Amino acid sequence: MISGGGAEAAAEVAADLAASRLVPGAPGRAPGATPFGARLRAAMDDHGPLCVGIDPHDALLAAWGLPSTVAGLERFAATCVEAFAGRVACVKPQSAFFERFGSAGVAVLERTLADLREAGTLSLLDAKRGDIGSTMAAYAQAYLGEDSPLRADAVTLSPFLGYESLRPALDQAAATGRGVFVLALTSNPEGASVQHAMLDRRSVAGRVVDGVTADNAGARPLGSVGMVVGATVGTAVQELALDLAAANAPLLAPGVGAQGGTAESLRAVFGEALGNVLASSSREVLGAGPDVAALAAAARDTADRLAGDLRG
Ligand SMILES: O=c1ccn([C@@H]2O[C@H](COP(=O)(O)O)[C@@H](O)[C@H]2O)c(=O)[nH]1
C-alpha cells in the first residue's frame, strides 16, 4: 500500500517491500508444500523420464495445417496440452515461440501454463534468463512468483553472468517450492567454446556443477536446482571431470530426437547419473501432430522407450 508523501511514503514503500506486499510472489511468501525436486521425482517415477517441448516452429504450424498467427499458436499449444498433460512427467513450453507474437503470444503462454497447472502436469518454462542480481529478482518474480501470470513449476536459467547472479531466482524457487534448471553443457556445438573454457584449472561448466551441488546438499529425494546437459555433448562430462551424480540434481537433457540424441548417447553422457536424467524432446514428438491421439501415443512411446533404455 502506498499513501502520503515524502519521507513517510518512502518509509511505507520500504516497509511494504520488506513485507513483500508490493510485488506478487516476492520471496518471503509461504513456500509450496512439496519442493520441486520431490514433485519431479514422483512424476518421473509415474510417467517415465521424458519432458516434451512445446515449440511451435513455423514449419510445424504449417505441417499441422495451422497459420503462423496467434490463433495458430493458440490451437497448437492447446492441442499439446490436451495430448501431453497427465501422460508425461513434464511439459516445456519454449518461451521464444510465444514471445515472437508479442503480448498476444505471451498471453497464450500464460494460458498454456495455467492449463498445465490445472491439469496437474509439471511445467518447465524454457526462457534461459540470466542478468545482474537486481534484475534477476524481477525475472524470479515473473517466472517463480506465487501469483505471477507467467509462473511455471520451473524455469531455465543462464549462469553466464556468474552463478551467484542467479541467487534471487534460487531463493525464490526455494521459497515457493519451485525449481530451476541452470545451463551447464548445452546441446549446441557452439556451447563448448564458453562452457569448456578453463579458469584456474576448473571449467566454466564445472563451476556451474559446483554451485548446483552446493545448493542441492541434503535435499531428498532430489534437489530442486537442476542442470541442463545436452544429450549431444559426447564425452565432455568425462573430459571435464564433472561429477553429475554427486550434484543430486535433475538433469534436463535436450537434444533427443531432432538434434541426434538417443538413449545410447544419454547412457554415454550421463553414466552413473542416468537415474536423474529428464530427457527432452520437442520436434520429434511434435511431428506426430496435429492428431491428439497420435501425439499422445508418440509421447507415451518415447517415454516408455526411455524408461526401459535408461533403467540402471
Ligand atoms: O542446451 C539446450 C538447451 C535448451 N534447448 C531447447 O530444447 C528444445 C529442443 O528442441 P528439439 O526440437 O527437441 O531439438 C528447444 O526448445 C531448445 O531451445 C536445447 O535444444 N539445448
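Is the crossing of H4 and H14 left-handed or right-handed? In this predicted model, the crossing of these two helices is right-handed, and the geometry behind that description can be followed step by step. Two packed helices are described by the angle between their axes and the distance between the axes. For helix H4, which spans residues 70–84, and helix H14, which spans residues 292–310, the axes lie 8 Å apart and the packing angle is about 55°. Because angles under 35 degrees count as roughly parallel and those from 65 to 115 as roughly perpendicular, H4 and H14 are therefore oblique to each other. On the H4 side the contact is made by Thr79, Glu82, Ala83 and Phe84, while H14 contributes Val292, Leu295, Ala296 and Ala299. Sorted by class, the residues in this contact of H4 with H14 are six nonpolar, one polar and one charged.

Eight strands form a closed barrel in the order S1-S2-S3-S4-S5-S8-S9-S10, and their pairing is parallel. On average, and with direction ignored, neighbouring strands of this sheet are turned by 30° against each other. One of the pairings can be followed to the residue level: strand S2, residues 90–93, runs parallel to strand S3, residues 122–129, and two bridges join them. Within this pair, Cys90 has Leu122 of S3 as its bridge partner.

A helix also packs on this sheet, namely H12, residues 263–270, which touches strand S8 (225–229), strand S9 (251–254) and strand S10 (277–281). The direction of H12 makes about 140° with that of S10.

Definitions and conventions. Residues numbered from 1 in each chain as written. Predicted model: local features only at pLDDT ≥ 70, side-chain atom pairs only at ≥ 80, totals over all residues. Axes fitted to C-alpha atoms, helices over the stretch in contact; angles between N-to-C directions. Helix = DSSP H or I, 4+ residues; strand = E, 2+ residues; numbered from the N terminus. Parallel < 35°, antiparallel > 145°, perpendicular 65-115°, else oblique. Left-handed = near helix turned anticlockwise from the far one by under 90°. Contact = placed C-beta atoms within 7 Å. Nonpolar A, V, L, I, M, F, W, Y, C, P; charged D, E, K, R; others polar. Pairing = 2+ DSSP bridges.
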